[in-house]
Amino acid sequence: MSFADKLRAWMPLHENRASRAVHFVGAYMFIFALLVPLGLLRIPVGDMTLSAAHVLVLAVALYALSLEWTAGLLMSLPLIPTLNAALSLGHLPGPTVAIIAVGVMVARFALVVGAHVVLEKKTHGLSLGGPLLFFIEPVYLLTVLLFGMGLKRELHARVMAGGPPPAPLAT
């Protein structure tokens, strides 16, 4: 399934601007909650130390870029402070790290599900790509924003060309 096809299915379920904003923040909350414990898994590489959190950020950024390069690049930029914030918690005791990670994840799901139920009046479960979507939803949101700015016209035409009509481009 192409990115245009995925975006076509995603747009009608994410029409509300406030819900889109919640989804944008929620994606980084999801990533942060995973980076916190992954930051504790460290390996020395030459003069520096890398962690499993670095690997996850790199994988998310590469996947985001592979979907849509402009939105993927824009989506990847906030991953740097998200990673730094998560790694800054590495000095805390293990139980505290776990409480922070779980608390952020619970808050994220409450916000996003609440946005769907209250603002969108519809839900989609995991039908739009499962947990992988949680990592890269900002690519979808930023692509819609780029459409609204008159950019990415070829991709917009492909999204509009097939299937049911997507949500309006208002952002």
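**Exercises on a predicted model**

Leu58, Leu62, Leu65, Trp69, Leu73, Leu74 and Leu77 make up a nonpolar surface patch, and together they have about 700 Å² of accessible area. This is a predicted model, where local features need pLDDT of at least 70 and side-chain atom pairs count only at pLDDT 80 or more, while totals for chains, interfaces and linings use all residues. Numbering starts from 1 along each chain as its sequence is written, and side-chain values use heavy atoms, with hydrogens and water left out.

**Exercise 1.** Find which helices each supply at least two residues of the nonpolar patch.

*Solution.* Start with the rule: patch residues have over 30% relative accessible area and no salt bridge, with like charges joined within 9 Å and nonpolar side chains (Val, Leu, Ile, Met, Phe, Trp, Tyr) within 5 Å. Areas come from the Shrake-Rupley method with a 1.4 Å probe, and for residues only the protein chains shown count as cover. Now look at the helices (DSSP runs of H or I, at least four residues; strands are E, at least two; both numbered from the N terminus). The two you want are α3 (52-67) and α4 (69-76). Leu58, for instance, sits in α3. Leu58 counts as exposed because its relative accessibility is 52% (exposed is over 50%, buried under 20%, partly exposed in between; 1.4 Å probe, protein chains only).

**Exercise 2.** Work out where the buried residues of α5 lie around its axis.

*Solution.* First, pick them out: in α5 (residues 79-87) they are Leu79, Thr82, Leu83 and Ala86. They cover an arc of only 100° around the axis, so they are on the same side of α5. That arc is taken from the directions from the helix axis to the C-beta atoms. Last, check the neighbours: these buried residues pack against α2 (17-38), α3 and α4, where contact means heavy atoms within 4.5 Å.

Technical notes:
A salt bridge is a side-chain nitrogen of Lys or Arg within 4 Å of a carboxyl oxygen of Asp or Glu.
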